[in-house]
Amino acid sequence: YKAMKFRFVSVLIFKTVLFVHCEFFLCIHVCVGCSTAVNDLVYIVDGSWSVGFSDFDTAKQWLINITSQFDISSHYTQVAVIQYSDTPRLEISLGRHQGGADLIQAIQSITYLGGNTQTGRAIKFAVDHVFPSSQRVSQVKNRIAVVVTDGKSQDDVVDASMEARAQGITVFAVGVGNEITTSELVSIANKPSSTYVLYAEDYTTIDRIRDSMEQKLCEESVCPTRIPVASRDEKGFELMVGMNIQMKTKKIPGSLVSEAAYALTASTDITENTREIFPEGLPPSYVFVATLRLKGPSSRLTFDLWRVLSKDMEIQAAVTLSGKDKTVTFTTTSLTEKEQRITIFLPPSQVTGFLDDQVIQEIMLEPVEPIFINGETQVAKRRGTDISVSLQKLRLYCDPHQSERETACEPGPQGEVGSVVGSSSA
């Protein structure tokens with residue numbers, strides 16, 4: 001049994017407003033991604049005396065930097081800001097600002113409050129008053145709270161945080177400095193704490209966790225599915241299920257007795273509407289993992305193991321295997337060109353390539369744009385025709401660190417087991 005694994009991490013952090021010339025209907029229903037996610041996002045920011053004027057200004061800039069990845073409007077992300085000390089103060093209400101520039105100006109204009117630290121009271125205020133005030137409660141897909149604090153709360157945070165989660169609100173906890181209490185942050189945030197709790201040494205270094213915070217917010221926006229992996233669940237897309245491969249193909253023995261594989265023949269069409277697979281578009285970062293078997297002539301052909309097509313049949317994302325050239329090519333969108341491609345040679349003579357868990361190549365990507373979801377997603381396709389392949393695993397993980405946890409362990413005869421991993425960042 002010849003098994004190969006392909007893992008790609010595509011870090012696509014959107015810093016600007018994209019598709020600004022799309023009509024609203026098209027942007028909502030066709031071109032989607034992290035920036036166009038439908039979120040109600042509430043920042044709950046510590047304004048107690050321990051923060052200080054200068055660090056509070058730094059915290060505001062951090063909020064601005066993170067918020068800039070989203071399109072701010074009544075159709076996409078709406079942002080509210082609560083500053084708290086002894087009492088919570090609503091600085092910006094949900095839906096008040098329908099543009100990024102206006103929101104940034106409003107955040108910059110927030111004045112420092114000062115006082116004691118009543119974090120639990122602020123969370124309760126957000127749950128009872130701010131989130132319910134949204135004008136699109138029935139339409140919003142993600143309700144997210146980000147709690148930023150630099151010290152131990154002087155009131156209880158457990159009950160308010162439990163109520164937030166009970167109402168479907170995802171809570172992140174960001175602890176700044178050495179006065180924070182880890183157990184308190186864990187009580188505030190969703191589980192697992194490794195995902196929903198972040199730490200910064202102090203406010204001068206808080207921007208170091210900006211990329212991590214942006215990534216996690218984007219994952220929360222576009223990656224709804226949980227994939228059981230060992231002792232933990234990973235956010236991502238189980239493409240074998242989403243593409244209905246089990247229902248369309250014949251089940252065959254896999255690389256292990258406990259593993260099943262599926263035979264994809266030339267007559268099998270593995271095609272689904274993209275909006276059914278990626279309703280919110282592709283995540284900002286992802287790890288693509290596949291285990292497959294190629295025999296005979298198929299091992300010398302060039303074909304797309306996975307590809308996402310627009311309505312006009314243009315490739316927006318693809319992983320292409322070439323047996324003849326011994327390469328893996330990753331294709332994604334581009335802000336300046338029709339597409340961009342990164343090719344990894346196997347064996348080798350932000351994309352990072354791994355062979356049997358060893359880094360073999362690193363290549364940087366140019367900025368990308370969201371995909372159109374009015375097209376199709378396909379598996380195991382040659383350009384213009386089909387290919388026969390046996391497929392055992394096909395997953396897309398949203399956490400880029402999954403590439404470090406995924407092992408290249410597949411049994412098979414000498415020379416028939418290979419593992420290729422690619423990670424890309426822009």
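1. The accessible surface of the protein amounts to about 18100 Å², and 51% of this surface belongs to carbon and sulfur atoms. Such areas come from the Shrake-Rupley method with a 1.4 Å probe, and for residues only the protein chains shown count as cover. This is a predicted model, in which local features need pLDDT of at least 70 and side-chain atom pairs count only at pLDDT 80 or more, while totals for chains, interfaces and linings use all residues. Residues are numbered from 1 along each chain as its sequence is written, and side-chain values use heavy atoms, with hydrogens and water left out.

2. The protein has 426 residues, of which 57% are buried. Here buried means under 20% relative accessible area, exposed means over 50%, and partly exposed lies in between (1.4 Å probe, protein chains only). The secondary structure consists of 12 helices and 26 strands. These elements are DSSP runs numbered from the N terminus, with helices (H or I) of at least four residues and strands (E) of at least two.

3. The structure contains 9 aromatic pairs. Rings of Phe, Tyr and Trp (its six-membered ring) pair if their centres lie within 6.5 Å; planes under 30 degrees apart count as stacked, over 60 as edge-to-face and the rest as tilted. Phe53 and Tyr112 form an edge-to-face pair, at 4.6 Å centre to centre and with 75 degrees between the planes. This pair links distant parts of the chain, 59 residues apart: Phe53 is in helix 2 (residues 53-67), and Tyr112 is in the loop between helix 3 (100-108) and helix 4 (119-130). Phe53 is exposed, with a relative accessible area of 59%, whereas Tyr112 counts as buried at 13% relative accessibility.

4. Phe237 lies in strand 11 (residues 232-238) and Phe278 in the loop between helix 11 (274-277) and strand 15 (287-293), so the pair ties together parts that are 41 residues apart in sequence. Both Phe237 and Phe278 are buried. They belong to one aromatic cluster together with Tyr286, Phe288, Trp306 and Phe330.

5. Neighbours within four places in sequence left aside, Tyr112 is in contact (heavy atoms within 4.5 Å) with Gly47, Ser48, Trp49, Ser50, Val51, Gly52, Phe53, Phe56 and Gln83.

6. Two packed helices are described by the angle between their axes and the distance between the axes. Axes are lines fitted to C-alpha atoms, for helices over the stretch in contact, and angles run from 0 to 180 degrees between N-to-C directions. The axes of helix 2 and helix 3 come within 9 Å and cross at roughly 165 degrees. Helix 2 is therefore roughly antiparallel to helix 3. In this scheme, angles under 35 degrees count as roughly parallel, over 145 as roughly antiparallel, 65 to 115 as roughly perpendicular and the rest as oblique. Lys60, Ile64 and Thr67 of helix 2 make the contact with Leu103, Ile104, Ile107 and Gln108 of helix 3.

7. Helix 2 also packs with helix 8 (residues 210-222): the two axes come within 10 Å and cross at roughly 45 degrees. Helix 2 is thus oblique to helix 8. The residues that meet are Trp62, Asn65 and Ile66 in helix 2 and Arg210, Met213, Glu214 and Leu217 in helix 8.

8. Lys141 is placed in the loop between helix 4 and strand 7 (142-149) and is exposed, with a relative accessible area of 53%. Lys141 and Asp40 are 101 residues apart in sequence and 8.2 Å apart in space, C-alpha to C-alpha. Apart from its neighbours within four places in sequence, Lys141 is in contact with Val38 and Glu280.

9. The peptide bond from Lys191 to Pro192 is cis, with omega near 5 degrees; Pro192 is in the loop between helix 6 (182-188) and helix 7 (193-196). Met313, a residue other than glycine, has a positive phi near 65 degrees, and its place is in the loop between strand 16 (302-309) and strand 17 (315-322). Ala380 also has a positive phi, near 55 degrees. Ala380 lies in strand 23 (residues 376-382) and is buried, with a relative accessible area of 5%.
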